[in-house]
Amino acid sequence: MIKNPLMLARHLCIDVPKKAVTDDKTRDSTIRHLIERIVFQSTECGAWIEFYPGGISIGSIVEGVEYGTKAYNMNYEFTGAKFDRHIADIEKEAKEIWNDTHGCEDCGPENPDTGYVPINPNCENCMGKGLIT
Ligand SMILES: [Zn+2]
């Protein structure tokens, strides 16, 4: 079970510097920065993580879109598996938002509800990859 940022860092296989474990003053901010970096770098969507007293919040913005994924608040203590599952949910949702909003001019018509063009997987212009508008 993960009960604090240090235990989350260990779950993420972060090599926490020894000094950070023993020095109370810098410990929390050092560990948080390490976690923020690894969560951002290890996810395709570049997820964010925030720490609040008693837990964490995770989610992701999507480049070029005004809204992001759902944010997941997780109060300590929680399992590493649950953390991983929410990260996977965020990756999936970020991908869906990307696909719903990043169509190129040849992908097709704008969705009147969102004002964005969804990606057409068969589009020959962007090859179904979409564009940042
Ligand atoms: Zn296209």
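Figure 1. Two strands count as paired if DSSP finds at least two bridges between them. In this predicted model, Y52 has G55 in β2 as its bridge partner. The strands β1 and β2 are joined by five bridges, and the two strands run antiparallel.

**Figure 2. The largest nonpolar core.** The largest nonpolar core holds 17 residues. The members that touch the most other members are I35, A47, I49, I58, I87, I90 and A94. Two or more residues of the core come from each of α1 (5-11), α3 (24-42), β2 (55-59) and α4 (80-101). The largest share is that of α4, which gives five residues.

**Figure 3. The surroundings of A47.** A47 is one of the core members that touch the most other members. Leaving out residues up to four places away in sequence, A47 touches V39, F40, I58, G59, S60, I87 and I90. Of these contacts, I58, I87 and I90 are also among the core members that touch the most others.

**Figure 4. The two domains.** The protein chain is divided into domain 1, residues 5-97, and domain 2, residues 102-133. The C-alpha centres of domain 1 and domain 2 are 31 Å apart.

**Figure 5. The chain as a whole, for orientation.** The protein chain has four helices and three strands. Read from the N terminus, the elements follow the order α-α-α-β-β-β-α. The C-alpha atoms fill a box of roughly 55 × 25 × 25 Å along the principal axes. The radius of gyration of the chain is 18 Å, whereas a compact globule of 133 residues would have one near 14 Å. Of the 133 residues, 22% are buried. Among contacts between residues at least 6 apart in sequence, 38% join residues at least 24 apart.

Technical notes:
Residues are numbered from 1 along each chain as its sequence is written. This is a predicted model: local features need pLDDT of at least 70, side-chain atom pairs count only at pLDDT 80 or more; totals for chains, interfaces and linings use all residues. A nonpolar core is a set of buried Ala, Val, Leu, Ile, Met, Phe, Trp, Tyr and Cys residues joined through C-beta atoms within 7 Å. A residue is buried if 20 or more other C-beta atoms lie within 10 Å of its own, exposed if 12 or fewer, and partly exposed in between; C-beta atoms are placed from the backbone. Two residues are in contact if their C-beta atoms, placed from the backbone, lie within 7 Å. The radius of gyration is taken over C-alpha atoms; the globule rule is 2.2 Å times the number of residues to the power 0.38. Domain bounds come from an automatic or database domain assignment.
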